[in-house]
Amino acid sequence: MNPLKKQTGFSLVELAIVILILSVLVIVFLSRMQRYQELAEKTVVEATLANMRSGLRYRVAELMMNGRMNEMSSLSRENPMSWLKAPPSNYLGQLASVQDESIPPGSWYFDQRQHELIYLLQHSRYFKPGPDEQKMIRFRVITSTPKQAANTSARVEGISLAPVGSYDWVVF
(Lines give C-alpha, C1' and ligand atoms only; values in the text may rest on other atoms or scores of the structure.)
Protein backbone atom coordinates (compact mmCIF):
# COMPACT_ATOMS: atom_id res chain seq x y z
CA MET A 1 0.00 0.00 0.00
CA ASN A 2 1.14 3.51 -0.75
CA PRO A 3 1.83 5.51 2.48
CA LEU A 4 1.07 8.75 0.66
CA LYS A 5 -2.41 7.63 -0.27
CA LYS A 6 -5.07 10.09 0.96
CA GLN A 7 -7.30 8.89 3.80
CA THR A 8 -11.05 9.15 3.22
CA GLY A 9 -13.81 9.24 5.87
CA PHE A 10 -13.72 10.03 9.58
CA SER A 11 -11.62 8.46 12.24
CA LEU A 12 -13.32 7.25 15.44
CA VAL A 13 -11.85 10.18 17.39
CA GLU A 14 -13.27 12.71 14.92
CA LEU A 15 -16.65 11.00 15.02
CA ALA A 16 -16.65 11.01 18.83
CA ILE A 17 -15.85 14.75 18.88
CA VAL A 18 -18.66 15.54 16.43
CA ILE A 19 -21.14 13.49 18.52
CA LEU A 20 -19.99 15.26 21.70
CA ILE A 21 -20.42 18.72 20.13
CA LEU A 22 -23.88 17.82 18.80
CA SER A 23 -24.89 16.46 22.22
CA VAL A 24 -23.88 19.70 23.93
CA LEU A 25 -25.79 21.74 21.36
CA VAL A 26 -28.93 19.62 21.82
CA ILE A 27 -28.75 19.98 25.62
CA VAL A 28 -28.37 23.77 25.35
CA PHE A 29 -31.23 23.92 22.82
CA LEU A 30 -33.58 21.87 25.03
CA SER A 31 -32.76 23.99 28.08
CA ARG A 32 -33.52 27.16 26.15
CA MET A 33 -36.68 25.63 24.76
CA GLN A 34 -37.95 24.90 28.30
CA ARG A 35 -37.21 28.48 29.29
CA TYR A 36 -39.10 29.85 26.28
CA GLN A 37 -42.06 27.55 26.98
CA GLU A 38 -42.24 28.84 30.54
CA LEU A 39 -41.88 32.43 29.35
CA ALA A 40 -44.76 31.86 26.92
CA GLU A 41 -46.92 30.42 29.71
CA LYS A 42 -46.15 33.36 31.99
CA THR A 43 -46.97 35.82 29.20
CA VAL A 44 -50.35 34.17 28.54
CA VAL A 45 -51.19 34.19 32.27
CA GLU A 46 -50.29 37.88 32.55
CA ALA A 47 -52.31 38.75 29.42
CA THR A 48 -55.34 36.86 30.78
CA LEU A 49 -55.04 38.73 34.08
CA ALA A 50 -54.75 42.07 32.28
CA ASN A 51 -57.95 41.27 30.36
CA MET A 52 -59.76 40.34 33.58
CA ARG A 53 -58.61 43.56 35.25
CA SER A 54 -59.95 45.51 32.27
CA GLY A 55 -63.21 43.59 32.59
CA LEU A 56 -63.34 44.52 36.27
CA ARG A 57 -62.92 48.20 35.39
CA TYR A 58 -65.77 47.93 32.86
CA ARG A 59 -67.95 46.18 35.44
CA VAL A 60 -67.27 48.93 37.99
CA ALA A 61 -67.99 51.61 35.39
CA GLU A 62 -71.24 49.87 34.49
CA LEU A 63 -72.34 49.85 38.14
CA MET A 64 -71.39 53.52 38.52
CA MET A 65 -73.23 54.59 35.37
CA ASN A 66 -76.39 52.76 36.46
CA GLY A 67 -76.27 54.23 39.97
CA ARG A 68 -75.74 50.83 41.58
CA MET A 69 -72.62 51.63 43.61
CA ASN A 70 -74.10 49.76 46.58
CA GLU A 71 -73.56 46.51 44.59
CA MET A 72 -69.78 47.00 44.32
CA SER A 73 -69.09 44.80 47.34
CA SER A 74 -70.77 41.89 45.54
CA LEU A 75 -67.96 41.91 42.95
CA SER A 76 -65.69 40.21 45.49
CA ARG A 77 -67.79 37.06 45.14
CA GLU A 78 -67.98 37.09 41.33
CA ASN A 79 -65.93 34.88 39.08
CA PRO A 80 -63.43 37.12 37.22
CA MET A 81 -63.72 34.89 34.14
CA SER A 82 -67.29 36.14 33.74
CA TRP A 83 -65.90 39.58 32.90
CA LEU A 84 -64.24 38.26 29.74
CA LYS A 85 -66.03 38.02 26.43
CA ALA A 86 -64.90 34.39 26.21
CA PRO A 87 -62.87 32.42 28.76
CA PRO A 88 -59.54 30.94 27.70
CA SER A 89 -59.57 27.40 26.30
CA ASN A 90 -57.79 26.08 29.40
CA TYR A 91 -60.52 27.32 31.78
CA LEU A 92 -62.22 24.39 33.53
CA GLY A 93 -65.12 26.35 35.02
CA GLN A 94 -66.46 26.87 38.53
CA LEU A 95 -65.65 23.97 40.82
CA ALA A 96 -67.30 23.39 44.19
CA SER A 97 -64.87 20.74 45.42
CA VAL A 98 -61.33 20.53 44.13
CA GLN A 99 -58.80 17.73 44.25
CA ASP A 100 -55.53 19.23 43.02
CA GLU A 101 -54.36 15.95 41.53
CA SER A 102 -57.40 15.83 39.24
CA ILE A 103 -56.71 19.26 37.72
CA PRO A 104 -54.47 19.15 34.64
CA PRO A 105 -51.44 21.47 34.74
CA GLY A 106 -51.82 24.69 32.79
CA SER A 107 -55.48 25.14 33.75
CA TRP A 108 -57.59 27.91 35.26
CA TYR A 109 -60.55 27.23 37.54
CA PHE A 110 -62.71 29.17 39.97
CA ASP A 111 -62.99 27.76 43.49
CA GLN A 112 -66.59 28.52 44.51
CA ARG A 113 -65.99 27.89 48.21
CA GLN A 114 -63.02 30.28 48.56
CA HIS A 115 -64.14 32.70 45.80
CA GLU A 116 -60.66 32.42 44.27
CA LEU A 117 -59.49 32.15 40.70
CA ILE A 118 -56.66 29.63 40.49
CA TYR A 119 -54.07 28.90 37.82
CA LEU A 120 -52.19 25.60 38.10
CA LEU A 121 -48.78 25.97 36.48
CA GLN A 122 -47.65 23.66 33.72
CA HIS A 123 -44.01 24.80 33.66
CA SER A 124 -42.62 25.80 37.04
CA ARG A 125 -38.86 25.52 36.71
CA TYR A 126 -38.38 29.26 37.38
CA PHE A 127 -41.41 29.70 39.65
CA LYS A 128 -40.76 30.40 43.32
CA PRO A 129 -43.95 29.91 45.33
CA GLY A 130 -44.82 31.72 48.50
CA PRO A 131 -44.89 30.14 51.96
CA ASP A 132 -47.51 27.57 50.93
CA GLU A 133 -45.01 25.98 48.48
CA GLN A 134 -47.76 25.23 45.94
CA LYS A 135 -47.15 25.42 42.19
CA MET A 136 -50.28 27.47 41.64
CA ILE A 137 -51.25 31.12 41.64
CA ARG A 138 -54.44 32.14 43.41
CA PHE A 139 -56.29 35.41 42.79
CA ARG A 140 -59.15 37.09 44.58
CA VAL A 141 -61.19 40.23 44.05
CA ILE A 142 -60.35 42.50 46.97
CA THR A 143 -62.42 45.50 48.00
CA SER A 144 -61.30 48.29 50.27
CA THR A 145 -63.61 50.40 52.37
CA PRO A 146 -62.89 53.62 54.27
CA LYS A 147 -62.78 53.58 58.04
CA GLN A 148 -66.20 54.67 59.25
CA ALA A 149 -68.28 54.57 62.35
CA ALA A 150 -69.66 51.14 63.20
CA ASN A 151 -73.28 52.16 62.63
CA THR A 152 -72.85 53.30 59.02
CA SER A 153 -72.82 51.02 56.02
CA ALA A 154 -69.44 50.58 54.42
CA ARG A 155 -69.08 51.76 50.87
CA VAL A 156 -66.45 50.33 48.56
CA GLU A 157 -63.65 52.77 47.87
CA GLY A 158 -61.38 50.55 45.79
CA ILE A 159 -61.45 47.18 44.12
CA SER A 160 -58.75 45.02 42.52
CA LEU A 161 -57.92 41.54 41.30
CA ALA A 162 -54.87 40.59 43.34
CA PRO A 163 -52.84 37.47 44.10
CA VAL A 164 -53.76 35.80 47.38
CA GLY A 165 -50.19 34.87 48.30
CA SER A 166 -46.76 36.01 47.30
CA TYR A 167 -44.82 34.34 44.50
CA ASP A 168 -41.92 35.11 42.18
CA TRP A 169 -41.82 34.00 38.55
CA VAL A 170 -38.67 35.35 36.92
CA VAL A 171 -37.98 33.48 33.70
CA PHE A 172 -35.33 35.88 32.36
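Accessible areas here come from the Shrake-Rupley method with a 1.4 Å probe, and for residues only the protein chains shown count as cover. On that basis the chain exposes about 11700 Å² of surface, 58% of it belonging to carbon and sulfur atoms. Keep in mind that this is a predicted model, where local features need pLDDT of at least 70 and side-chain atom pairs pLDDT 80 or more, while totals for chains, interfaces and linings use all residues. Residues are numbered from 1 along each chain as its sequence is written, and side-chain values use heavy atoms, with hydrogens and water left out.

Now for the layout. Running from the N terminus, the order is α-β-β-β-β-β-β-β, with helices (H or I, at least four residues) and strands (E, at least two) taken as DSSP runs. The chain is more spread out than a compact globule, because its radius of gyration is 26 Å, well over the 16 Å from the globule rule for 172 residues; the radius is taken over C-alpha atoms, and the rule is 2.2 Å times the number of residues to the power 0.38. Along the principal axes, the C-alpha atoms fill a box of roughly 110 × 30 × 30 Å.

Let's zoom in on Lys42, which sits in helix α1 (residues 12–65). Is Lys42 buried or exposed? Lys42 counts as buried because its relative accessibility is 19%, and buried means under 20% relative accessible area, with exposed over 50% and partly exposed in between (1.4 Å probe, protein chains only). Leaving out residues up to four places away in sequence, Lys42 touches Trp169 and Val171, where contact means heavy atoms within 4.5 Å.
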